[in-house]
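Please read the following briefing alongside the sequence and the coordinates.

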Amino acid sequence: MSDQCTKGTNWGVVSIDDKSLCMKYNQSNIIKLPLKKVVNSNTQKNDIVLQLSTDDYGDNDDMLCEVRFYIPPQEQKLKQEKEKKKQENEDNQNSMEEEDDGADDDAEPTFQQKLQNEILTKAKIGQSSADSILTIHDVPLIVPRGKYTMDFFKKDIRFHGNTYQFTTDYKGISRFFLLPMPDEINLSFVIGLEHPFKQGQTTYNFLVMQFKKDVENEIKLKYSRQKLDEIGWKGIKEEYSGPLYDIVCEVLAEITGIKVVSPKNFKSKNGLFCLRCSVGPHSGFLFPLEKSLIYLQKPVLHIKHEEIKEVIFQRIGSTNLNKFFDVKIVYKNQNQLFSGIERDELDNLTQYFQQKKIAVRKLQDEVPHIPLDDSDDDEDDDDSRQKKKNKTNIDPNNMDSDDDDDDFHAAEDDEDGSESEDSDEPESNSRNQK
């Protein structure tokens, strides 16, 4: 620890050798990283972002997975060179623009670019497209969004875009899905990753490409048949032609040995392989597959049938007021809610889960309330009438009125009359006996 800086300084000079990357302050190490642990390096604005391998750690272990170096911008020298070239070519405006554009391309790289290139070279993660076995240009990705160039190497595949680039090992790919979208024009090809990669604060467990069905391409590999056999790519052809999605699926499936999964038996009321729904504020599509569920696209979710404990249908009461219902999937130690599914899909989805022998429970949130409301109204009316009657009985003016006295005496007379009638009956009987 004698050469370790303990002052809390977070800036210094970076140096790279064949085995490690060091940042020092006054000849003392602030940080020292072994290059064999660096699996990817990206530039973001004025940062260099290093992604470190986590293969040697457990799921619950603390680990260092990313390091960022901020490089102060050094553009003054480039600006001075551009101004000189502009002065030399100010006589011809058009030629000045062309040479100025050329100056941008041929300009001396900044310190950030030099350091990034050195890291890529020393860590052996910066293989160029010229060294790749197969290169496919302008591959459209929607997660993460952008157009990328795919470079296939012997052990890994690199995605290179205008802003970001990332690399994944073939062994780090876990699954493939080819999903027909409801517009019947596009197909989504999903790549599941064992070790997700990060762009800034965002973590990606899946890559999602979107191809048009009618876009075709012709691709020729850079290796001969003999070289392909030597590296173990015996099932790979030297040339491919046809739809671009078909080429990408076939190449990746052959290299990795992983089968591409597509929806088969489930179909919605409209004959589609998916259901439109929402996860939180984002709308997307839920694909019920043979052994799992997958949701596209924010976020991409994959739930295996064997992990599901229970499926709960919500908002499916007896009334027809709700045109939509929700599905809550309870799996592992969490649950996921898919909301806003059309009510007409309830029978299809229920049958799907029952065929997969998954427990289904239905919750009826609506309770019939019309009879209760009518009885409540009748009770309220009776109560109000009784209150009004009580008020009239205790009113002193009404108590002193003649009408009330007549009623009172009449009531007494009725009582006396009833008593006299009762008492007359035995008298008449006694007379008759006499």
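**Strand pairing, rings and cores**

Met23 has Ile31 in β3 as its bridge partner. This is a predicted model, in which local features need pLDDT of at least 70 and side-chain atom pairs count only at pLDDT 80 or more, while totals for chains, interfaces and linings use all residues. Residues are numbered from 1 along each chain as its sequence is written, and side-chain values use heavy atoms, with hydrogens and water left out. Helices (H or I, at least four residues) and strands (E, at least two) are DSSP runs, numbered from the N terminus.

**The sheet β1-β2-β3**

- Three strands form an open sheet in the order β1-β2-β3 with antiparallel pairing, where two strands pair if DSSP finds at least two bridges between them.
- Strands β1 (13-16) and β3 (28-34) are the edges, each pairing on one side only, and strand β2 (residues 20-25) is joined to β3 by six bridges.
- On average, neighbouring strands of this sheet are turned by 20° against each other, direction ignored; axes are lines fitted to C-alpha atoms, for helices over the stretch in contact, and angles run from 0 to 180 degrees between N-to-C directions.
- Helix α3 (residues 111-122) packs on the sheet, where it touches β1 and β2, and its direction makes about 30° with that of β1.

**Strand β21 and its partners**

- Five of the seven residues of strand β21 (residues 308-314) are buried, which denotes under 20% relative accessible area, with exposed being over 50% and partly exposed in between (1.4 Å probe, protein chains only).
- With strand β22 (residues 324-331), β21 pairs in the antiparallel sense over six bridges, and Gln314 stands opposite Asp326 in β22.
- With strand β24 (residues 360-362), β21 runs parallel and is joined by three bridges, and Val311 stands opposite Val360 in β24.

**Aromatic rings**

- The structure holds ten aromatic pairs, where rings of Phe, Tyr and Trp (its six-membered ring) pair if their centres lie within 6.5 Å, and planes under 30 degrees apart count as stacked, over 60 as edge-to-face and the rest as tilted.
- The pair of Tyr170 and Trp233 is edge-to-face because the ring centres are 6.3 Å apart and the planes stand at 70°.
- Tyr170 lies in the loop between β10 (165-169) and β11 (173-180) and Trp233 in the loop between α4 (225-230) and β15 (239-243), so this pair ties together parts that are 63 residues apart in sequence.
- Tyr295 and Phe338 form a tilted pair, at 5.7 Å centre to centre and 50° between the planes.
- Because Tyr295 lies in strand β19 (residues 292-296) and Phe338 in strand β23 (residues 334-342), the pair ties together parts that are 43 residues apart in sequence.
- Tyr295 is buried at 0% relative accessible area, and Phe338 counts as buried at 1%.
- One aromatic cluster is formed by Phe266, Phe313, Phe325, Tyr352 and Phe353.

**Nonpolar cores**

- In the largest nonpolar core, of 54 residues, Phe152, Phe189 and Met209 touch the most other members; such a core is a set of buried Ala, Val, Leu, Ile, Met, Phe, Trp, Tyr and Cys residues joined through side-chain atoms within 4.5 Å.
- Helix α5 (residues 244-256) supplies the largest share of this core, eight residues.
- A second, separate core of 24 residues includes Cys277, Leu301, Ile308 and Ile341.

Terms used. Contact means heavy atoms within 4.5 Å.
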